[in-house]
Amino acid sequence: MADVTADLDPEEFRRLGHAVVDWIADHRAGLDALPVQPGVDPGWVRGQLPASLPEDPAPLDALLDTVDRVVVPASTLWQHPRFFGYFPANASLHSLLGDMLSGALGAQGMLWSTSPAATEVEQVLMDGFAAALGLDPAFTFAGGGGGCIQDSASSGALVALLAALHRADPQWREAGVTGDERVYVTAETHSSLAKAARVAGLGARALRTVDTTPGSLGMRPDALAAAIEADVAAGLRPVLVCPTVGTTGTGAVDPVRGVAEAAREHGVWVHVDAAWAGVAALCPEFRDLLDGVELADSLSTDAHKWLLTAFDASLLWVRNGAALPAALSIAPEYLRNAASESGQVVDYRDWQVPLGRRFRALKLWAVVHGTGLSGLRSHIREHVALAAKLADRVRADPAFELASEPSLALVCLRVVTGAGPEADDAATREVLARVNASGAAFLTHTVAGGRYVIRVAIGSVTTRAEHIDELWDRLRAEATSVVRS
Ligand SMILES: *Cc1c(COP(=O)(O)O)cnc(C)c1O
């Protein structure tokens with residue numbers, strides 16, 4: 001007969017847990033020798049797994065064996081030191097330790113009263129990171145604002161938009177959208193804003209694409225002001241503008257101060273999307289990136305991209321700590337409690353779309369506890385320095401050119417053939433495909449100014465100078481052979 005409880009005995013967990021930790025340590029120590037990208041065909045993984053679920057228990061060894069045999073070979077290894085695609089998603093070992101503690105408590109932090117620590121550790125961290133990033137104290141709880149950890153920058157943009165809709169129209173909670181709302185972005189803005197507009201029921205017609213300055217690709221404040229004024233004159237309702245600090249394509253930075261000044265006159269909510277680049281402001285020399293954010297209503301930056309914290313953890317601050325609850329709170333009888341009614345606590349369910357929430361703060365806390373702010377700063381500085389060195393090599397090599405000046409740790413480059421832009425684009429595309437097919441590195445691309453561009457996003461926890469050297473050698477070798485053929 002099976003045990004009455006389906007769970008592990010804590011002593012058995014101790015034994016198996018050590019085996020899993022050993023597996024993780026071995027996996028991370030051996031990453032450099034593995035291909036970054038798998039070479040599997042669609043359906044291969046499904047073909048390796050039994051079609052139905054096991055009726056009887058099986059030992060952990062068998063599971064680890066399947067992970068080794070099927071899961072790892074079919075995984076893009078995002079923690080690989082030669083992963084330069086998209087923006088890397090740091091999952092430091094520090095954060096894994098914190099994540100285990102969070103899972104151990106298994107707390108559901110929807111209300112302060114359902115786990116006071118889950119709420120207050122997060123509040124302390126958000127206020128602490130606001131100070132460390134040099135944000136205006138208005139974004140802290142002490143200053144009347146506050147922050148919370150969302151699952152993603154996409155969710156942060158969505159709730160900011162909902163708060164903006166509520167502020168623009170007190171009838172919104174009751175009556176919904178009118179169809180007159182307008183949201184201002186640029187062609188470089190992340191797609192999550194378009195998705196947020198759709199999810200909020202505004203539809204694509206609500207989006208206004210504001211012109212950018214050629215070259216810098218930053219939003220033009222004068223063009224924003226003109227678009228807002230034209231919309232107001234037409235009886236429409238400007239609701240939100242989203243300047244980006246570090247666009248996903250090329251790392252471009254919108255002039256937040258000018259954008260916010262143009263938006264303010266008409267009471268338009270300013271949501272700053274600094275998903276990737278914002279954390280760099282921990283370093284005083286990069287703090288200029290957030291110039292003008294003190295005029296914004298909300299700001300988000302991901303801890304799960306460049307801040308050593310395992311997915312998911314996206315930091316969102318708002319200047320008015322009442323704005324999200326005003327838009328989002330709904331209090332059914334079964335959630336009523338004395339602490340909430342006292343008005344002395346934060347109930348984070350009112351700051352997000354879902355009711356339930358994980359204790360994400362523990363993994364971020366484990367990171368900053370284990371590395372200190374000094375460790376976070378050197379992590380960022382090292383990658384920026386590696387990017388600068390790579391950019392110097394690109395500049396010095398006639399077979400390549402920079403597609404734009406490097407932005408922090410993002411280098412955008414292309415191959416130069418001497419046979420014109422079309423030939424250059426084709427060669428760049430082919431070099432990217434060959435580097436990725438080799439398994440020696442993983443790169444992704446974008447199209448900027450109509451031209452095909454290789455993006456080298458440096459930011460994996462274990463990426464060092466030698467990995468950039470190898471990447472550069474590989475890029476040069478592939479470019480030589482592509483141009484010759
Ligand atoms: C990555 C990125 C996002 C989306 O981030 P998620 O946290 O994955 O939702 C949004 N904006 C920018 C600028 C990004 O680079």
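Trp78, Phe83, Tyr86 and Phe442 form one aromatic cluster. Rings of Phe, Tyr and Trp (its six-membered ring) pair if their centres lie within 6.5 Å; planes under 30 degrees apart count as stacked, over 60 as edge-to-face and the rest as tilted. The structure is a predicted model, in which local features need pLDDT of at least 70, side-chain atom pairs count only at pLDDT 80 or more, and totals for chains, interfaces and linings use all residues. Residues are numbered from 1 along each chain as its sequence is written, and side-chain values use heavy atoms, with hydrogens and water left out.

**Aromatic rings**

- A search of the whole structure finds 9 aromatic pairs.
- Trp276 and Trp306 form a stacked pair, with 5.6 Å between centres and 15° between the planes.
- Trp276 lies in the loop between strand 5 (269–273) and strand 6 (298–302) and Trp306 in helix 11, so the pair ties together parts that are 30 residues apart in sequence. Helices (H or I, at least four residues) and strands (E, at least two) are DSSP runs, numbered from the N terminus.
- Trp276 is buried, at 3% relative accessible area. Trp306 is buried too, at 1%. Buried means under 20% relative accessible area, exposed over 50%, partly exposed in between (1.4 Å probe, protein chains only).

**Charges over rings**

- Arg319 lies over the face of Phe139, 5.1 Å from the ring centre.
- The charged end of Arg455 sits over the ring of Phe87, 4.9 Å from its centre.
- The criterion is NZ of Lys or CZ of Arg within 6 Å of the ring centre and within 35 degrees of the ring normal.

**Ligand site**

- The ligand is surrounded by 14 residues; the closest are Ala153, Ser154, Asp273, Asp302 and Lys305. A residue counts as near if one of its heavy atoms lies within 4 Å.
- By class, this shell has 3 nonpolar, 8 polar and 3 charged residues. Ala, Val, Leu, Ile, Met, Phe, Trp, Tyr, Cys and Pro count as nonpolar, Asp, Glu, Lys and Arg as charged, and the others, Gly among them, as polar.
- A side-chain N or O atom of Asp273 is 2.6 Å from a nitrogen atom of the ligand.
- For Asp302, a side-chain N or O atom is 2.8 Å from an oxygen atom of the ligand.
- A polar side-chain atom of Lys305 lies 3.0 Å from an oxygen atom of the ligand.
- The protein covers 88% of the 390 Å² of accessible area that the ligand has on its own. Areas come from the Shrake-Rupley method with a 1.4 Å probe; for residues, only the protein chains shown count as cover.
- Helix 6 (153–168) and helix 11 (303–306) are the elements that give two or more residues to the shell.

**Backbone exceptions**

- Most residues other than glycine have a negative phi, and most peptide bonds are trans.
- Phe311 and Asp312 are joined by a cis peptide bond, with omega about 10°.
- Asp312 is in the loop between helix 11 and strand 7 (314–318). Asp312 is buried, at 13% relative accessible area.
- Leu308 has a positive phi of about 65° although it is not a glycine. Leu308 is buried, at 6% relative accessibility.

How values were computed
A polar contact is a pair of N or O atoms within 3.5 Å; within protein, one must be able to donate a hydrogen and the other to accept it, and residues adjacent in sequence count only if both atoms are side-chain atoms.
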